Amino acid sequence: MHHFARRTAGFTAVTAAAALLLAAGCSKDDNKDNNSAASMTTTSAAAHGEEHISGAAEETKIATQGGDITVSGIIFDKYVRSGGPTGPLGAPLKTEDDAPNDGKWQDFTGGAIVWSNDNGAHIVWGEIRKAWEDNGGPDGDLGYPTSDEKDIPGGKQSDFVGGTITWVDGNTTVTPKS
């Protein structure tokens, strides 16, 4: 009973957040893709007999210039918490992809959400993302992200299973764990 109440409360909170995004117009005016608008429709995947990696029953279809793209499960949760289509990630570019060791990955106009069972869901974007992908992404020595980007003196840093990437004063540095 307690598990059901917690899941219902979580679903209600996510649905309310999605409704706020819809009320806000769900457009990204500074989108580099010709100011495309994105709208979000939240549905219960459980109503369709689906269960996601997170155990969450939420999914959303984002209307993009290329058609509707689904965002679901833990990636959906992280996407909503980061502002959905009106946040810095913007609209999804494609559906979720599989990543090594049963992980998941989804690209958005402003970055990517990367999930692994051991490390959770984290956003990777900008110059840090470029350096991470240049080093093999989740298949490389750095592996999965273990943190979202955080502020450090003069720049930003993201932590990964196999090291860190910093962006300070316009310079990107990859530091493997020793």
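Predicted model: local features only at pLDDT ≥ 70, side-chain atom pairs only at ≥ 80, totals over all residues.
Buried means under 20% relative accessible area, exposed means over 50%, and partly exposed is anything in between (1.4 Å probe, protein chains only). Residues are numbered from 1 along each chain as its sequence is written, and side-chain values use heavy atoms, with hydrogens and water left out.

**Strands E6 and E7**

- Helices (H or I, at least four residues) and strands (E, at least two) are DSSP runs, numbered from the N terminus.
- E6 covers residues 111–116 and pairs with E7 in the antiparallel sense over five bridges; strands count as paired if DSSP finds at least two bridges between them.
- E7 itself (residues 120–124) is mostly covered, with four of its five residues buried.

**Nonpolar cores**

- A nonpolar core here is a set of buried Ala, Val, Leu, Ile, Met, Phe, Trp, Tyr and Cys residues joined through side-chain atoms within 4.5 Å.
- The largest one has 13 residues, and those touching the most other members include Ile62, Val71, Tyr79 and Phe108.
- Helix H2 (73–81), E6 and E7 each give two or more residues to this core, and H2 provides the largest share, four residues.
- Another core, of twelve residues, lies apart from it and has Val114, Val124, Ile128 and Tyr144 among its members.
- Beyond its neighbours within four places in sequence, Val71 is in contact (heavy atoms within 4.5 Å) with residues including Glu59, Ile62, Tyr79 and Phe108.

**Salt bridges**

- The rule is a side-chain nitrogen of Lys or Arg within 4 Å of a carboxyl oxygen of Asp or Glu, and the count comes to nine.
- Asp107 and Arg129 form one of them, with the closest N and O atoms 2.3 Å apart.
- That pair links distant parts of the chain, 22 residues apart: Asp107 is in strand E5 (residues 103–108) and Arg129 in helix H3 (residues 126–134).
- Asp107 is buried at 10% relative accessible area, and Arg129 is buried too, at 15%.
- Lys94 bridges to Asp97 at 2.7 Å between the closest N and O atoms; Lys94 is partly exposed at 33%, and Asp97 is partly exposed at 29%.
- Lys94, Asp97, Asp107, Arg129 and Glu133 are linked in a salt-bridge network.
- Asp151 meets Lys156 in a salt bridge (2.3 Å, N to O), with Lys156 partly exposed at 28%.
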